[in-house]
Amino acid sequence: MPYISNTDEDRVRMLAELGLTSKEELFDDIPADLRPFSFNLPPGLSELEVRRFTQTLADKNATDLICFLGGGFYDHFVPAALETIISRSEFYTAYTPYQPEISQGTLQAMYEYQSAICTLTEMEAANASLYDGGTALYEAMMMAVRITKRRKVVVDEGVSPIYRKMLHCYTSNLDLEFIEVPVARDGRADRQAIKTQLDKNTSCLILQNPNFFGCVDDVTDLAKSAHKSGSLVILSTYPISLGILKTPGEMQVDIATGEGQSLGLGLSFGGPYLGFMTVRSKYIRQMPGRIVGETIDKNGQRGFVLTLQTREQHIRREKATSNICSNEALCALSAIVYLSLIGKEGLKEVAELCSAKADYTLKRLSEIPGVKARFPTPIFNEFTLELPKDAGDIIGQLIEKGIMAGFPLGCYYKNMEKCMLIAVTEKRTKEEIDLLAETLEAVL
Amino acid sequence: MKLIFEKSVAGRRGVRLPKCDVLAELAVPEELKRKQPPDLPEVSELETVRHWTELSRHNFGVDTNFYPLGSCTMKYNPKIGEEVAKYQGFSSLHPLLPQLRQGGVLTQGALQVIYETERLLSEITGMAEFTMQPLAGAHGELTGIMLIAAYHKSKGNRKTKVIIPDSAHGTNPASAAIAGYEVVSVPSNNNGVMDFNEFEKVLNEEVAAVMLTCPNTLGLFNPDIKKIADRTHQVGGLMYYDGANLNAILGKCRPGDIGFDVVHLNLHKTFGTPHGGGGPGAGPVGVKEHLKEFLPISLVVKRPDGTYALEYDRPKSIGYVAPFYGNFGVILKCYVYILLLGREGLIRVAENAVLNANYMMEKLKSYYHLPYDRRCMHEFVLSAKRQKEKGVKALDIAKRLLDFGFHPPTIYFPLIVEEAMMIEPTETESRETLDKFIEAMIQIAGEAEQEPQRLKDAPHNLDISRLDEVTAAREPNLRWKG
């Protein structure tokens, strides 16, 4: 077998060294009554056969739909050089960098990643990644519960409904009080309703910007109100939008999290993705996950190590800040490589392209009779459109015409059956947007 | 080495973007914009590629070095997995597509991959059904414990404790604790496995689950395992199997047949997917029939007409542990791995992993203290206790191994062995590689006797020497500040 180096001859010699004659003797510790009741698996295949077969499976999936589908997961441009770098097996076949002297490649890259995420969010410290944007939000919430020792959580309904479902799932066996506050008529967080929920029992207020409807907000006032009640503010963000949008740091947020898929990762049917987390310095020791720090070696030379490990499960066991062990290191590497290739000016340009094209798309679609923007609030690259008909049906018809037009909001929100979410990235061209408009008009 | 930020020169670009082809007004008002642009590097494509190519040379990976890191199963990862994951039909597929009308038919290939992998893992472990959602091993543990909590809640059971042996991975107690349980630790006996009498003392009606790795972190198979499972079931508790060490028993024993109710697997260990320098992994969770209804949303099902669909209508489900269907790219590589190896190949994995480990143990046990001198499975644990008398610690031995081009074993774990060195060669390594590692370990044992300082100063042959971890933690410098 190609993936086992030793031959039968090797095995015979090795068994002889152990004083054994059969490999079965190696398994003597497993009692006879615990041997497999069945092990019905297909016989192995050659690489060529596997390649052929998996290609037929890949070909059953859509590859040529024009993508206006977002909902937190976007079809962004990925530079070719990124693949070259992350395909280096010195990176992808390494384990967690427990031995720093032979892991400086991974460790320095993680330090650079943490630095980039901090400057992007204008927050003070970042960890070296979490699983995805949703689990990052859950970890942030648990962190706030630990810091404040309070059990009430206030969540704006503009936060991704998928993430809110995840928060519910993780806390169902814990004694936490969840308050979900519907958005205001303009699609943004409902100031009045939220403020009445902020009290001495509130551990945190969880918000998202731009929110799930695509509305852009400045939540500084809410952060101030939350701080007055001794609560923390957690903001889930979309990293590409931070090329131009007001940052979590500027809005006085305590913990900013987000999904890093847009930073050079493919959509890959839901993963692997990248959860990022940034905090104010005073909360560093409550943060979950790996953290890389700069230090020096015996000769005074700069180097990097995993640090503040006394927070973690391998040291603290049941008292750790989180159970996380494996994270998404290679995805974090993609993110820092993406942010370096795109660069300071490039990120702004990507964000501006997204914003301009979304604005054009919204205006173009609003010209169709009966179609209008659902909310009057400024947007970044995604918006909520109201149709004269059921959005789910219309989206289905557009898929048949080769366009993935967006996401039907009726799936998650009451009375929004005629609303859909449309995302526009820098990859979409004017021709594609015009085609969307013409096709939508034709099916309505 | 300089940071990518320190190589930045104003005006340099790594990527050119297309000009804006639409006429648009400024969509975002000034008051909603950031004041300063992020201080990201300004570097050319060449400098970016060269920077990280150079950094990669400062890493050991499985492709470059023998990596016998105990409990991590650092086996070789077949390259075809990487290639398949890049097929456009997989890599660019939007996860929300199957949730749209007409979208299901356009994702049949991806749904089939998830469904088939789920079926294969169920057969391999003897479980009824898997959720492929958990994104890493520890994430699987948390999911598994939440499933157990949901089960007990539905039965009206009031159970508050989870029993875990003292040799367990740190993630076990951490996962049980964050799911809301009190952790009860049970010591190991002279044979290196959970002490059955001590276990009996803490087993009672309050126990929701017993969480075990088998073989355990010492690489030892617990002969009492069936008895433990039966006793736990008698008091209404469930058995949780941490699949970190499944590599040892593929085709030789199935957790489901022993009586485990919940299992998590680490696809990045047993099933040949690379670890990525710390992730991404995948931690699917399998359950027996009586726990199926609690599995997370959604599940991929096969319809009578042979098509695949996502099932959302699951009223007793614990809900969403991940946004979609798991780390699909990793699941895909696992599927490829199982297709390549097949039934016989997987059995050979276990046989060769166990043979390689026993071979190394046999050759090294006269040079290092072997606390549990009996047949091991896929890994074994040595102690540097003898060398410590000369002032040489497990850490020094680990650092000296770097000079020989070997990744060291896992050290200081499990916690129950003094100066532990946990060695897991995996099945993919050749006898010659094992012999070279054995020779290096023997030489190091000699150096510990004759020139201990040589070990304390190691590594000698790398660009960097030992790093000051104490200062790093005391005065954290976690980001470049310009």
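**Note on the predicted two-chain model**

1. Sheet in chain B. Three strands of chain B make an open sheet, ordered E10-E12-E11, with antiparallel pairing. Its edges are strand E10 (380–383) and strand E11 (410–411); each has a single partner strand, so one side of each is left without a neighbour in the sheet. E11(B) is joined to strand E12 (residues 420–423) of chain B by 2 bridges, and the two run antiparallel. B:Thr410 has B:Met422 in E12(B) as its bridge partner. Strands count as paired if DSSP finds at least two bridges between them. Helices (H or I, at least four residues) and strands (E, at least two) are DSSP runs, numbered from the N terminus.

2. Basis and confidence. This is a predicted model; local features need pLDDT of at least 70, side-chain atom pairs count only at pLDDT 80 or more, and totals for chains, interfaces and linings use all residues. Residues are numbered from 1 along each chain as its sequence is written, while chains are lettered from A and ligands numbered from 1 in the order in which they are written. The mean pLDDT (the predictor's confidence in each residue, from 0 to 100) of chain B is 97, and 100% of its residues reach 70 or more. For the complex, the predictor gives an ipTM of 0.98 and a pTM of 0.98.

3. Interface between the chains. 169 residues of chain A are in contact with 174 residues of chain B. Contact requires C-beta atoms, placed from the backbone, within 7 Å. On the side of chain A that touches chain B, helix H11 (residues 329–366) of chain A supplies the largest share, 24 residues. By class, that side has 82 nonpolar, 50 polar and 37 charged residues. Ala, Val, Leu, Ile, Met, Phe, Trp, Tyr, Cys and Pro count as nonpolar; Asp, Glu, Lys and Arg as charged; the others, Gly among them, as polar.

4. B:Val28. This residue sits in the segment before helix H1 (45–56) of chain B. Is B:Val28 buried or exposed? B:Val28 is buried, because 23 other C-beta atoms lie within 10 Å. The cut-offs are 20 or more such atoms for buried, 12 or fewer for exposed, and partly exposed in between, with C-beta atoms placed from the backbone. Leaving aside neighbours within four places in sequence, B:Val28 contacts A:Val216, A:Ile244, A:Leu245, A:Ser355, A:Pro378, A:Phe380 and B:Lys33. B:Val49 is 21 residues from B:Val28 in sequence and 34 Å away, C-alpha to C-alpha.

5. Helix H12 of chain A. Buried residues of helix H12 (residues 391–400) of chain A are A:Ala391, A:Ile394, A:Ile395, A:Leu398 and A:Ile399. They cover an arc of only 140° around the axis, so they fall on the same side of H12(A). The arc is that of the directions from the helix axis to the C-beta atoms. These buried residues pack against strand E13 (403–404), strand E14 (407–408), strand E15 (419–423) and helix H13 (430–443) of chain A. Just after H12(A), A:Gly402 takes a positive phi of about 90°.

6. Domains. Chain A is assigned domain 1 (66–76 + 344–443) and domain 2 (80–338); domain bounds come from an automatic or database domain assignment. Their C-alpha centres are 27 Å apart. In chain A, 24 residues of domain 1 are in contact with 20 residues of domain 2. H11(A) gives the largest share of the domain 1 side, 7 residues. That side divides into 14 nonpolar, 5 polar and 5 charged residues. Chain B is divided into domain 1 (4–56) and domain 2 (82–339). The C-alpha centres of these chain B domains lie 42 Å apart.

Technical notes
Two residues are in contact if their C-beta atoms, placed from the backbone, lie within 7 Å.
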